[in-house]
Amino acid sequence: MRVPIALAALLCAALTAAGAQQPVAPVPKPVPPSGITGTKGMPGMQADTGKPAPVAKVPADTNPMDGMQMSGMGHGGMSMPIPMPPGMPMMPGLVGLVPSVSSFLPGAGVDPMSLPAVKASSVARLKDGDTLDLTAMLVRRTVRGHAFVMYGFNGEVPGPLIRVPQNATITVRFHNRIDLPSTVHWHGLRLDNKYDGVPDITQAEVAPGGSFVYKVHFPDAGVYWYHPHVREDIEQPMGLFGNMLVDSPDHNYYSPVNQEQALMFDDLLVHADSLIPFGRESPDFALMGRVGNVLLVNGETHYALNAHAGDVVRFYLTNVANSRTYNISFGGAQMKVVASDQSRFEHEAWVPSVVLAPAERYVVEVRFDHPGSYALVNAVQAINHYKGEFEPEVDTLGTVTVSGSAAAPDFSRQFATLRSNAAVSRDIAPYRKYFNKAPDKKLTLTMQSTALPLATVQFMSIDTAYFAPVEWVDGMPDMNWLSTAKEVRWILRDDATGKENMDIDWHVRQGSVVKLRIFNDPKSFHPMQHPIHLHGQRMLVVSRDGVPNTNLVWKDTALIPVGSTVDLLIDASNPGAWLLHCHIAEHMGAGMMAVMHVDPR
Amino acid sequence: MILEKVGLSIGGRLFIAVVVTMLAGPTGPFDIPLFATPSVPAARGVARLVYASSPFGVAVTADGRARYDVQVTASGLPAPAKLGAFNSYVAWEVTPDLDKWVRLGTITNGKSTVGQAELNKFLFVITAEADSTASKHAGPTVLHGTSPSGWLQSFLTHPLFRGVY
């Protein structure tokens with residue numbers, strides 16, 4: 001919970017005068033790192049014209065840096081300001097401090113103009129038995145008029161959209177041509193464990209210049225995504241992500257629509273002409289995760305779509321940001337949610353907006369009734385730490401321009417109907433008898449810290465008296481930037497054994513149904529929401545804070561707000577060693593992961 | 001009642017009620033201890049904020065405000081008629097400046113669920129009313145509390161200064 005910073009500062013000063021010490025537990029030995037030296041285990045559709053993508057254009061009146069103050073600080077030998085929110089100067093006790101890691105940016109010494117310009121995502125329509133070459137490579141991306149060396153799969157951001165029929169198996173020949181080790185994780189797929197892409201658990205990381213062959217199986221219809229599982233805190237925001245759409249053989253799986261669009265939401269943290277560097281030895285921004293100040297859809301600063309009046313558009317929404325949770329809507333256009341990570345909902349529902357946590361996916365259908373412009377927005381409630389007030393924050397991410405010509409065909413009748421999906425309910429029915437059983441496993445989400453700047457410790461001790469269930473924005477980027485995985489350890493704690501993170505080592509039998517209760521402790525040093533992802537299985541969110549969920553959907557990632565207790569029912573159907581972790585990249589990089597072994601029958 | 005018998009002051013009883021609420025309760029992070037007014041000194045209660053039904057991980061409005069159902073547990077409320085020409089107790093979500101009152105529903109002793117609270121910060125107020133469907137409050141306040149987010153508004157209600165943390 002947060003209190004006005006001015007008052008907090010007074011108390012901080014008093015505590016400082018009293019010689020307060022940081023009351024925290026020592027940080028255990030960090031998870032064995034990999035990557036550059038870092039932490040391992042971390043885990044739009046356009047025709048490919050072969051032409052360079054248009055340079056991202058930022059409307060002149062939407063400069064994300066407008067009004068921001070820059071706190072200049074040396075960083076690994078370079079002067080790099082951290083953008084602060086409007087009216088929020090850097091805390092006096094933090095001025096002049098730098099993170100305890102050296103800095104890293106992709107392609108050191110490489111002239112961006114020597115690289116190919118990034119391309120928009122192509123569609124790779126594949127059938128069972130097909131092969132795809134997927135190369136992680138350096139690309140040139142232009143953001144706000146400045147060219148940067150970044151990453152892309154096959155030179156594209158997002159990477160190619162892989163569209164396959166359900167139950168297909170494809171071969172993906174992955175080639176690592178970036179300057180970091182990498183892998184590919186096929187997020188949400190219940191595939192063969194050895195192709196899950198997690199270093200030290202399912203494979204060795206792929207060194208720069210190396211390759212790895214994946215057999216990727218798609219047992220469930222839905223929307224999925226792929227990304228590296230080595231230093232995601234760097235490789236993801238630099239451009240390594242792509243969608244996978246798995247089509248059901250049932251032609252009525254979804255309602256008919258006029259268009260389909262896959263939107264991948266991301267953000268990028270930039271100063272006027274520079275990317276804010278990453279921690280080389282371990283992630284920085286370890287408290288909250290890196291929250292960007294330039295919001296992107298499919299890698300562009302302004303998404304654009306044309307439609308006809310009355311068009312129904314199905315959007316596949318994926319959050320690939322390191323930390324940001326979105327609240328997405330389409331300028332008041334009527335919207336219904338029809339599916340999420342791994343299946344359709346039991347019942348479609350009208351929604352005013354979509355809450356999209358990192359790694360989550362939702363499928364929505366939107367009808368644009370009238371000619372005109374509809375703004376695609378992210379609308380949240382920020383907290384002004386100085387005034388102690390909530391402040392609405394709205395970012396326009398794009399525009400849907402609707403012409404006066406009428407939709408053809410007209411799907412208004414189908415759109416007006418909220419469908420119930422009996423097949424989903426039938427699939428879930430055998431699991432209902434487990435909904436009310438006692439939890440098989442309990443996890444508490446918390447954190448420890450040590451050696452953080454005193455000003456940070458003192459402020460946080462007071463500031464966390466009020467915690468928002470979801471931190472939508474980073475209100476204190478200076479404190480966040482200075483925290484690294486050396487000072488911050490995010491924790492999954494097994495209530496039964498007291499074991500934490502990679503010491504947990506659960507074993508369950510294949511075919512068992514595991515009820516996992518997760519409590520997000522609001523009394524930790526820095527309570528924050530966590531999107532918890534389980535690899536290789538599927539799960540149901542059966543209750544939140546004791547309230548049963550009456551509209552179920554198969555998930556692989558579930559948002560656990562601060563203070564909440566969430567019951568997950570895991571269908572442990574897929575044998576192997578599977579990672580369970582927070583999908584805020586920096587939280588995982590700071591230890592927040594465990595392994596669940598599903599032992600073969 | 002026991003506290004009355006041992007002769008504790010209203011303030012003392014309030015203090016103990018708050019401490020017991022915060023220490024005993026299910027320690028939900030979004031519990032609002034409710035304070036009685038002098039018109040109903042024996043009344044007490046807790047309002048728990050529970051996310052409203054939503055397909056998503058949290059229930060929010062289009063502009064990002066959290067949407068809560070409010071589970072009220074109350075005791076010691078007399079029959080409304082004992083307070084005057086009233087027949088029900090109505091729960092309200094009220095802006096901190098008392099400018100806007102939003103009717104959430106009726107409550108009784110025991111457990112009641114009303115909804116939905118959608119303000120960032122609000123007072124939770126229960127009044128006795130002559131009309132259970134009233135859209136404007138008119139009767140006396142019997143119980144009141146502040147949403148946890150209200151601590152942003154009033155530093156002095158911070159648990160640090162109540163000796164709870």
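This is a predicted model: local features need pLDDT of at least 70, side-chain atom pairs count only at pLDDT 80 or more; totals for chains, interfaces and linings use all residues.
# Buried charges, salt bridges and strand pairing

A:E346 is a buried residue, because its relative accessible area is 4%, which is under the 20% limit for that class.

**A:E346 and its surroundings**

- A:E346 belongs to strand 22 of chain A, which covers residues 344-350.
- The side chain of A:E346 forms a salt bridge with that of A:R432, with an N to O distance of 2.6 Å.
- Because A:R432 lies in the loop between helix 4 (422-428) and strand 27 of chain A, while A:E346 lies in strand 22, this pair ties together parts that are 86 residues apart in sequence.
- Leaving aside residues up to four places away in sequence, A:E346 touches several residues, among them A:R419, A:V424, A:I428, A:T550 and A:L552.

**Other salt bridges**

- Over all chains, the structure holds 30 salt bridges.
- One of them joins A:R324 to A:D267, and the closest N and O atoms of this pair are 2.8 Å apart.
- A:R324 is in the loop between strand 19 (311-319) and strand 20 (326-330) of chain A, and A:D267 is in strand 15 (residues 259-268) of chain A, so the pair ties together parts 57 residues apart in sequence.
- A:R324 is buried, with a relative accessible area of 4%, and A:D267 counts as buried at 4% as well.
- In chain B, B:R48 forms a salt bridge with B:D31, with the closest N and O atoms 2.7 Å apart.
- This pair links distant parts of the chain, since B:R48 is in strand 2 (residues 44-51) of chain B and B:D31 is in strand 1 of chain B, 17 residues apart.
- B:D31 counts as buried, at 16% relative accessibility.
- Salt bridges that share partners also join eight residues into one network: A:R163, A:D247, A:E260, A:R314, A:K336, A:E348, A:E365 and A:R419.

**A sheet in chain A**

- Strands of a sheet pair through backbone hydrogen bonds, in either a parallel or an antiparallel sense.
- In chain A, six strands form an open sheet with mixed pairing, in the order 28-27-30-35-32-33.
- Strand 28 (488-494) and strand 33 (547-548) of chain A stand at the edges with a single partner strand each, so one side of each has no neighbour in the sheet.
- Strand 27 (residues 441-449) and strand 30 (residues 512-520) of chain A run parallel and are joined by five bridges.
- A:T444 has A:F519, in strand 30 of chain A, as its bridge partner.

**Chain B**

- Chain B contains two helices and eight strands, arranged along the sequence as α-α-β-β-β-β-β-β-β-β.
- Strand 8 (residues 141-146) of chain B pairs with strand 1 (residues 31-36) of chain B in the antiparallel sense, over two bridges; here B:A36 stands opposite B:L143.
- Strand 8 of chain B also pairs with strand 7 (residues 123-129) of chain B in the antiparallel sense, over five bridges; here B:L123 stands opposite B:T146.
- Of the 165 residues of chain B, 45% count as buried.
- Chain B exposes about 7,500 Å², of which carbon and sulfur atoms supply 60%.

Terms used:
Residues are numbered from 1 along each chain as its sequence is written. Chains are lettered from A and ligands numbered from 1 in the order in which they are written. Side-chain values use heavy atoms; hydrogens and water are left out. Helices (H or I, at least four residues) and strands (E, at least two) are DSSP runs, numbered from the N terminus. Buried means under 20% relative accessible area, exposed over 50%, partly exposed in between (1.4 Å probe, protein chains only). Accessible areas come from the Shrake-Rupley method with a 1.4 Å probe; for residues, only the protein chains shown count as cover. Two strands pair if DSSP finds at least two bridges between them. Contact means heavy atoms within 4.5 Å. A salt bridge is a side-chain nitrogen of Lys or Arg within 4 Å of a carboxyl oxygen of Asp or Glu.
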